[in-house]
Amino acid sequence: VFWGAFFLHLNPSYTAERITRDGELSIYRVKCKRKSLGSFLKAFFLSPERTNVTSRDGDRWWGFAAVCFLERVWKMETHISCLFPEILAMIFSYLDVRDKGRVAQVCTAWRDASYHKSVWRGVEAKLHLRRANPSLFPSLQARGIRRVQILSLRRSLSYVIQGMPNIESLNLSGCYNLTDNGLGHAFVQEIPSLRVLNLSLCKQITDSSLGRIAQYLKNLEVLELGGCSNITNTGLLLIAWGLHRLKSLNLRSCRHVSDVGIGHLAGMTRSAAEGCLSLEYLTLQDCQKLTDLSLKHISKGLTKLKVLNLSFCGGISDAGMIHLSHMTSLWSLNLRSCDNISDTGIMHLAMGTLRLSGLDVSFCDKIGDQSLAYIAQGLYQLKSLSLCSCHISDDGINRMVRQMHELRTLNIGQCVRITDKGLELIADHLTQLTGIDLYGCTKITKRGLERITQLPCLK
């Protein structure tokens, strides 16, 4: 039954005809016919007298499938209780998390089916740890759940680690009461299964906790430290020493991090730490102490980097773009609100060997029409471009649009010099656009909007 249903799931235009009967078993032939999946299931689950679904129109035989079913099932009234647990589990897998829990309370059969690991694949359990619950973690393990988010932490973190020794993802974002001491009691031995750790906004966490993480979480691939304002360059040295498999690191608003710490990550201090040379995603948003030297370290050591977020980093300038311009693996660069980036910086990026697909220079006051000309010359493969609140005009749009055939998303909100003429140019040349932001473009009128809404791919 399971494989028959699976076959139908892949081929919803087939019907069945019983061809032989042997004792309690019936064998069916699958025929190609333009029938809905509902029609087939009706033929498949109704009594034998009503299952003779044949084609008299000369349709070709698609194939032969033998499906054996106990005869007593055919004599029962058609009902969902007839389904085998594997089929129920397949159905339950499409429900949201809350409904999965509800179906488990209907009856014993549904509970058993809902506990199948395929039902809970990829689900993250969201928990309030307030009081002891001996059945909590055994229940999660029975369902194969290995991803946990702690919404409130009133018990020791070690309670979670001991209860789920094979945990893969632990999200502690916003647990303000988590301290170095609490984390230290939880991480007392290696946890090789843990791949993702989110400590965003855990403001009491310091470099001491990063030492524990580097010592016991050697297989960590994703580390979120956004808003952990007590992290310093020493903490980054510990990360560079112990987390060689790290692929994603978020240091948003870590205000004490400077060029020295980025040098540790990039392996510039090999005598002390090898570095996190496998990094692919690095967020340095609002790290105010960073300068162009950090970009030099990144370009030399983090050659596998794909996504770099430097938004609100006021210390970087056009000169730093020279270092980034030859990072061939980089495909997304965020320079939003970097006040010292101008047309010259865009020129450096365009003259390099970059193959960017996403660029954000929104709220960079020194970006103008000349930048759009540079983008058209050297960054024409972009699929997403954000220019919100930049000093661009219809002239800059005219210089850019003829080369940007791959562009899918264009954000020009609050560009007050853009008029209907600019929208007409966009509509004529950027025919593959799926999204455009025009918020705050005060000089556009109904005529321009009508023209832009005619784009065939616009969502």
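Let's start with a pair of residues: Leu127 stands opposite Ile150 in strand 5. This is a predicted model, so keep that in mind as you look around. Strand 4 covers residues 124-129, and six bridges join it to strand 5 in a parallel arrangement.

How enclosed is strand 5 (residues 147-153) by the rest of the structure? Largely, because five of its seven residues are buried.

Now look at helix 11, which spans residues 233-242. Its buried residues are Asn233, Gly235, Leu236, Ile239, Ala240 and Gly242. What covers them? The cover includes helix 10 (207-216), strand 8 (222-224) and helix 12.

Helix 12 (259-265) turns up again in the cover of helix 13, along with strand 10 (281-283), strand 11 (307-309) and helix 14 (318-324). Helix 13 itself runs over residues 292-301, and its buried residues include Asp292, Ser294, Leu295, His297, Ile298 and Gly301.

Most residues other than glycine have a negative phi. You'll find Ser337 in the loop between strand 12 (332-334) and helix 15 (343-351). Is Ser337 buried or exposed? With a relative accessible area of 14%, Ser337 falls under the 20% cut-off, so it counts as buried.

Ser389 has a positive phi too, near 65 degrees. Ser389 sits in the loop between strand 14 (384-386) and helix 17 (394-400).

The protein chain averages a pLDDT of 85, and 83% of the residues score at least 70. Which stretch has pLDDT under 50? That would be residues 5-76, where pLDDT stays under 50. The model does have 110 contacts beyond four places in sequence for residues 5-76. Still, where pLDDT is low, the predicted coordinates should not be read in detail.

Methods
Residues are numbered from 1 along each chain as its sequence is written. This is a predicted model: local features need pLDDT of at least 70, side-chain atom pairs count only at pLDDT 80 or more; totals for chains, interfaces and linings use all residues. Side-chain values use heavy atoms; hydrogens and water are left out. pLDDT is the predictor's confidence in each residue, from 0 to 100. Contact means heavy atoms within 4.5 Å. Buried means under 20% relative accessible area, exposed over 50%, partly exposed in between (1.4 Å probe, protein chains only). Helices (H or I, at least four residues) and strands (E, at least two) are DSSP runs, numbered from the N terminus. Two strands pair if DSSP finds at least two bridges between them.
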